[in-house]
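Subject: Structure handover

Hello,

Here is the structure I said I would pass on. My notes on it follow below.

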Amino acid sequence: MSDWPLWEVFVRAKGGLAHRHVGSVHAPDAELALRHARDTYTRRQEGVSLWIVRSADIVASDPDQAGELFEPAADKVYRHPTFYEIPDEVKHI
Amino acid sequence: MPSLPPIRPEDEAVAEKLRPAGAFDAPSDAHDPVRAGYLLRLGDDALILGQRLSEWCGHAPSVEVDLSLANLSLDLIGQATLFLAEAGDADRLAFKRDVLDFRNCWLVEQPNGDFARTMVRQLLFSTWQHMLYQRLTASSDAAVAGIAAKGVKEVAYHRELAAEWVVRLGDGTDESRARTVDGLDWCWRFVPELFEVDEELAAAVQAGIAADPRSFEEEYRAAVGAVLADATLPLPKDQRAIVGGRRGHHSEHLGHLLAIMQYLPRTYPDAKW
């Protein structure tokens with residue numbers, strides 16, 4: 001069991017919504033990872049679809065680089081489309 | 001051939017009033033012994049295996065497997081509740097009956113053993129139960145058909161999960177393979193009972209309530225054989241069959257299981273959840 005790889009689990013709550021990361025499971029292979037994910041994360045009707053991906057296959061940003069990666073966005077208010085006058089006739093925006 | 005005149009409703013009403021009520025009333029639907037007996041078989045199989053699987057809770061090889069087995073257990077206890085509620089008072093039947101009155105097969109009462117034996121038992125039972133429920137969805141009894149229709153999806157999953165594990169254990173390490181072979185060796189003698197048709201079951205089949213298990217025995221052997229082939233395991237040699245569970249003859253293991261399951265409601269009959 002200790003040598004089972006870790007798998008990340010993504011659940012689609014209902015049709016039309018995106019899959020969301022909900023947690024992880026240990027499993028010896030992909031097929032059983034899917035079953036473990038089903039038994040662990042969808043036993044209370046949480047979803048209609050599952051994605052599984054090996055945790056080792058996820059490329060993650062380096063937390064030490066968080067400063068250079070994300071902080072420069074903090075003072076770029078002009079990147080938020082909040083300066084437009086929206087005509088009343090335009091719905092759903 | 002002369003035909004009888006049609007029965008007029010007004011005559012029937014009069015006859016109903018004339019009929020003395022008492023011990024010799026024809027059994028109503030609710031007390032149909034053939035139906036009740038069959039419901040007990042279905043309910044007890046699910047109840048006893050559900051209780052067995054629950055013994056793994058907190059002890060499974062990993063937390064994920066722990067959840068898988070608990071899910072299986074709860075599915076089965078849910079099915080048992082429905083079947084037994086059709087047969088009578090589900091709680092009374094589960095907790096106030098003694099071992100000789102249980103009608104489950106021998107396979108489901110067998111001790112869990114190790115994880116391999118538990119999974120082999122699950123494969124052998126769930127494959128059978130799945131094929132049975134598939135047919136019971138066409139039962140002449142609406143309640144049986146309805147419960148089977150709900151249960152068949154649950155059991156399809158049990159069957160697949162057990163098959164996945166048996167393949168991995170059989171075709172795994174030397175140790176997992178040896179344990180799987182031992183598990184098969186333990187469970188195999190209880191398979192023929194699943195296909196036994198005694199008088200009581202024959203009557204239920206005749207009434208259209210039950211499915212005749214012999215109609216899918218060949219399909220069952222082929223399906224189990226295919227999983228074992230995937231697991232690179234040879235089909236076990238046939239052993240002397242052990243039967244009798246349907247008539248209340250059980251292994252010593254069932255009494256111990258019931259002692260634990262029934263302890264609380266029997267000791268504290270007024271306990272509320």
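Which residues does Val243(B) touch, not counting residues up to four places away in sequence? Val243(B) touches Pro192(B), Glu193(B) and Glu196(B), where contact means that the C-beta atoms of two residues, placed from the backbone, lie within 7 Å.

Some conventions before the rest. This is a predicted model, in which local features need pLDDT of at least 70 and side-chain atom pairs count only at pLDDT 80 or more, while totals for chains, interfaces and linings use all residues. Residues are numbered from 1 along each chain as its sequence is written, and chains are lettered from A and ligands numbered from 1 in the order in which they are written.

Val243(B) sits in the loop between α11 (217-230) and α12 (252-267) of chain B; helices (H or I, at least four residues) and strands (E, at least two) are DSSP runs, numbered from the N terminus. Val243(B) counts as partly exposed because it has 17 C-beta neighbours inside 10 Å (20 or more other C-beta atoms within 10 Å make a residue buried, 12 or fewer exposed, and anything in between partly exposed). From Val243(B) to Leu161(B) the separation is 82 residues in sequence and 27 Å in space, C-alpha to C-alpha.

Chain A has two helices and three strands, in the order β-β-α-β-α from the N terminus on. Strands β1 (residues 6-12) and β2 (residues 19-26) of chain A run antiparallel and are joined by seven bridges (strands pair if DSSP finds at least two bridges between them).

On overall dimensions, the C-alpha trace of chain A spans about 55 × 40 × 15 Å along its principal axes. Of the 93 residues of chain A, 15% count as buried. Residues 24 or more positions apart account for 47% of the contacts in chain A with a separation of 6 or more.

Between the chains, nine residues of chain B are in contact with twelve residues of chain A. On the chain B side, α3 (63-87) and α7 are the elements that give two or more residues, and α3(B) has the largest share, four residues.

Regards
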